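I opened my notebook for a first walk through this structure.

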Amino acid sequence: MVSVYTAEGLSELVFLAVIGVTVLGAVIATNSVRLIRAVTGLALCFIGVAGIYYYLNSPFVAMMEMLIYVGAVCVTIAFAIMLADPDPGERPGGSGLLAGGASFLVGVLFFWGLTALAAMTPWAAAPAKLNNGSMLEIGTSLLTTYSMVFELISVVLLVAIIGALVLGRPGRGLGGRES
């Protein structure tokens, strides 16, 4: 076991804190009754995921995670919540004990599958440094190595905008009247 008073020990402690923030944000996002709290939990989870990317020696993807997911997606969802009807009426579906147990079982199976896949995968060591961080190399990486990632981020942003429009489409009533 590494001492906490060394650089490695402190790094492991910060990594565990990042994992804790990610899990805490995910729990808040999935268990909140109010949508704004769920979005806040989602933003917290995305911040933790950005920290994980940073620890995986990918500061560019971490920066994109912060800009796109925390900045754009969560802000878009927050605006949709502000525009949506505050009292949508009955909630669809039930959240009984059977649904909770089934969700937990699916989560355990998914976690087991990912763990088994990670254990069987021959992981290559991450390079210590990909480039020197200049604008030219970032632009080259964006158009070559990370071009698919960048396009997928654009698709996710488009889906978030469409989802926000769907949430906000009914709008708020005007002074108790339906609009």
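Below are my entries, from the overall fold down to single residues.

**Entry 1: the whole chain**

I noted at the start that this is a predicted model. I then looked up the secondary structure and found six helices and zero strands. Along the sequence, the pattern reads α-α-α-α-α-α. I also checked burial: 21% of the 179 residues count as buried. For contacts with a separation of 6 or more, I found that 57% join residues 24 or more positions apart.

**Entry 2: H2 against H3**

How do the axes of H2 and H3 cross? I found an angle of roughly 175°, with the axes coming within 8 Å. Since angles over 145 degrees count as roughly antiparallel, H2 is roughly antiparallel to H3. I listed who makes this contact: H2 brings residues including Leu-35, Val-39, Phe-46 and Tyr-54, and H3 brings, among them, Pro-59, Glu-65, Tyr-69 and Ile-81. By class, I wrote down 21 nonpolar residues, no polar ones and one charged.

**Entry 3: H3 against H6**

Next I turned to H3 and H6, which pack with their axes 7 Å apart at an angle of about 10°. Angles under 35 degrees count as roughly parallel, so H3 and H6 are roughly parallel to each other. On the H3 side I saw residues including Met-64, Tyr-69, Val-73 and Thr-76, and they meet a set in H6 that includes Phe-150, Leu-157, Ile-161 and Gly-168. This contact divides into 15 nonpolar, two polar and no charged residues.

**Entry 4: the largest nonpolar core**

Which residues touch the most other members of the largest nonpolar core? I found Val-39, Phe-46, Tyr-69, Val-73, Cys-74 and Ile-77, out of 16 residues in this core. H2, H3 and helix H6 (147-168) each supply at least two residues. H3 gives the most, with 10 residues.

**Entry 5: aromatic pairs**

I looked for ring pairs and found two.

Phe-46 lies in helix H2 and Tyr-69 in helix H3, so the pair ties together parts that are 23 residues apart in sequence. Both Phe-46 and Tyr-69 are buried.

**Entry 6: a residue in a loop**

My last stop was the loop between helix H2 (35-55) and helix H3 (59-83), where I found Asn-57. What is the phi of Asn-57? I noted a positive value of about 65°, although Asn-57 is not a glycine. I also checked its accessibility: Asn-57 has a relative accessible area of 33%, so I marked Asn-57 as partly exposed.

Conventions. Residues are numbered from 1 along each chain as its sequence is written. This is a predicted model: local features need pLDDT of at least 70, side-chain atom pairs count only at pLDDT 80 or more; totals for chains, interfaces and linings use all residues. Side-chain values use heavy atoms; hydrogens and water are left out. Helices (H or I, at least four residues) and strands (E, at least two) are DSSP runs, numbered from the N terminus. Buried means under 20% relative accessible area, exposed over 50%, partly exposed in between (1.4 Å probe, protein chains only). A nonpolar core is a set of buried Ala, Val, Leu, Ile, Met, Phe, Trp, Tyr and Cys residues joined through side-chain atoms within 4.5 Å. Rings of Phe, Tyr and Trp (its six-membered ring) pair if their centres lie within 6.5 Å; planes under 30 degrees apart count as stacked, over 60 as edge-to-face and the rest as tilted. Axes are lines fitted to C-alpha atoms, for helices over the stretch in contact, and angles run from 0 to 180 degrees between N-to-C directions. Angles under 35 degrees count as roughly parallel, over 145 as roughly antiparallel, 65 to 115 as roughly perpendicular and the rest as oblique. Contact means heavy atoms within 4.5 Å. Ala, Val, Leu, Ile, Met, Phe, Trp, Tyr, Cys and Pro count as nonpolar, Asp, Glu, Lys and Arg as charged, and the others, Gly among them, as polar.
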